[in-house]
Amino acid sequence: MKRFVTLSYRDPDLPPFSCAFPGRRGRVLDLPLIAWLTLIWVLLWSTLTWANVVTGVVVAVAVCLAFPLPKVDLGLRLHPWGILVLAGYLLYDMYTSGVQVTRQIFAGRPHRPAVIGVPLRCRSDLMLAATAVAVSNVPGGSVIEVRRATGTLFLHVLDADRPEALEAARRSVWRLEALTVRAFGTRDEIDRVSAPPPPTEPPGEGEARS
Amino acid sequence: MNVLLQIMDTAGAALVFVGAVICLLGAIGMLRLPDVLSRSHAATKPQTLGLLLVLAGVALRLRGGMDLATLALIGFFQLLTSPVASHLVARSAYRTGQVGHSELLFDDLDEQLTVAEEEPEPGPGPKPGPERD
C-alpha cells in the first residue's frame, strides 16, 4: 500500500522532523519550519484562536509547497544555555556599541577607518551567517564581504587609529563566533571553536589558490 | 498594586523616550559621518538599540501576553534583517568604488579583490578560485 504521507522516522533518507508526499515532484515538508511559520501567522493576528491556528497551518503548508527550499541539513542544534549566554553578551555589546558609535559621531576629529579580514574557525554556512549577523549588531565592525570558501569575514572598523583597536576587533569576532557556535552549533563545531583562534595572517591562503 | 502599575508606566515611557533619543543620535550620525561605510555604522547600530528600547518600553505599558510575543517577534526580525541590509549596502558600495580608499588605514579586502581579478587566465582543469558569490 502506498502511503500518502511518509514521516521521517519511517524513512532514514529524509531529514529529521519532516514528511514527504509521493508524486512526481516528491515534495518534502519541514515540520519545524511549518510550526514556525504558523507561530508567526498567529502572532501577526495577535489572537490565539483555533481558526487562526488552522489557517496558519494551511498558509504555511501552501507556502512551503509553492516555494520549496533546497534540501540541506543546516546543522542547527539548539543549546538553551548557550542561547541565553549569547543573548546576554549581545545585549551588553549592543549597549556599549551604541555608546561607542555615538562617541565617535561627536568626536569632532577625523577618524581612521580600516577594512580587516578575520578568518573564522568554522566552515559551516549556517555558523558563518549567524556569526556575521551577530558581528553586525555589536561594536567594532560592520560586515562588508563574506568569503565562503575560506570562511573569512571582512569588516569595516570605524576607528582603527591604534593597532590595539584592530586586535580588539578581531578578538571580539572570535569571541562572538565561539558564543554563536556554543548556542547553535554541532558538537564537532564546538570542539573547533574551543581551539585557539588562527594566527592573524592566515597561512596557506596564497598556496591554496595557486 | 496601583503604585506598581504607575512605576511600570513611567519606566515604559522613559524607555520609549531613551530609545527615540538613541535613534535620533543615529540619524545625526548619518549626517555627520563622511562616507557610506561609516554611515552604515551609524544607521544600523544605534537604530537597533533604540528600537529594542522602544519595544521594551511599549511592552512595559501593554503587559499582555500576546502583545509581548508580537513585540519579541518585531525585535527578532529587526536583529536579523538589519545586518543583512547593511551588509548589502556596504558590499555594493565597496564594489562600486564609493569608498575613499586613501582614507582607509589599511585594507585586507582590496588585495584579495585585485588578486581575484587578475586570476582568470585559462588554466588546465577547474581552478579552486576564490568564491565571489
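Rings of Phe, Tyr and Trp pair if their centres lie within 6.5 Å, and planes over 60 degrees apart count as edge-to-face. In this predicted model, 3 aromatic pairs occur over all chains. One of them is formed by Trp36(A) and Phe76(B). The ring centres are 5.7 Å apart and the planes meet at 85 degrees, so this pair is edge-to-face. Trp36(A) belongs to helix α1 of chain A (residues 31–45), whereas Phe76(B) belongs to helix α3 of chain B (residues 65–95). The pair therefore joins two chains.

Phe76(B) also pairs with Phe77(B). Here the centres are separated by 5.6 Å and the planes by 70 degrees, again an edge-to-face arrangement. Relative accessibility is 33% for Trp36(A). The relative accessible area is 36% for Phe76(B) and 33% for Phe77(B).

Two stretches of chain B carry a record annotation. An unreviewed UniProt entry lists residues 12–31 and 68–90 of chain B as "transmembrane region". In the model, residues 12–31 of chain B are 100% helix and 0% strand, with the end C-alpha atoms 29 Å apart. Residues 68–90 of chain B are likewise 100% helix and 0% strand.

Chain A contributes a sheet. Three strands form an open sheet in the order β4-β6-β5, with antiparallel pairing. Strands β4 (114–119) and β5 (142–147) of chain A stand at the edges. Each has a single partner strand, so one side of each lacks a neighbour in the sheet. Neighbouring strands are turned against each other by 25 degrees on average, direction ignored. Strand β4(A) runs antiparallel to β6 of chain A (residues 152–157), and 6 bridges join the two. Within this pairing, Ile116(A) has Leu155(A) of β6(A) as its bridge partner.

Helices of chain B meet this sheet of chain A. Helix α2 of chain B (residues 36–62) lies across β5 and β6 of chain A. Its direction is at about 110 degrees to β5(A). Helix α3(B) packs on the sheet as well, touching β4 and β5 of chain A. The direction of α3(B) makes about 75 degrees with that of β5(A). Helix α3 of chain B is also the helix that holds Phe76(B), the partner of Trp36(A).

Terms used. Residues are numbered from 1 along each chain as its sequence is written. Chains are lettered from A and ligands numbered from 1 in the order in which they are written. This is a predicted model: local features need pLDDT of at least 70, side-chain atom pairs count only at pLDDT 80 or more; totals for chains, interfaces and linings use all residues. Side-chain values use heavy atoms; hydrogens and water are left out. Rings of Phe, Tyr and Trp (its six-membered ring) pair if their centres lie within 6.5 Å; planes under 30 degrees apart count as stacked, over 60 as edge-to-face and the rest as tilted. Helices (H or I, at least four residues) and strands (E, at least two) are DSSP runs, numbered from the N terminus. Buried means under 20% relative accessible area, exposed over 50%, partly exposed in between (1.4 Å probe, protein chains only). UniProt positions are given in the numbering used here, feature names are shortened, and annotations may be inferred rather than shown by experiment. Two strands pair if DSSP finds at least two bridges between them. Axes are lines fitted to C-alpha atoms, for helices over the stretch in contact, and angles run from 0 to 180 degrees between N-to-C directions. Contact means heavy atoms within 4.5 Å.
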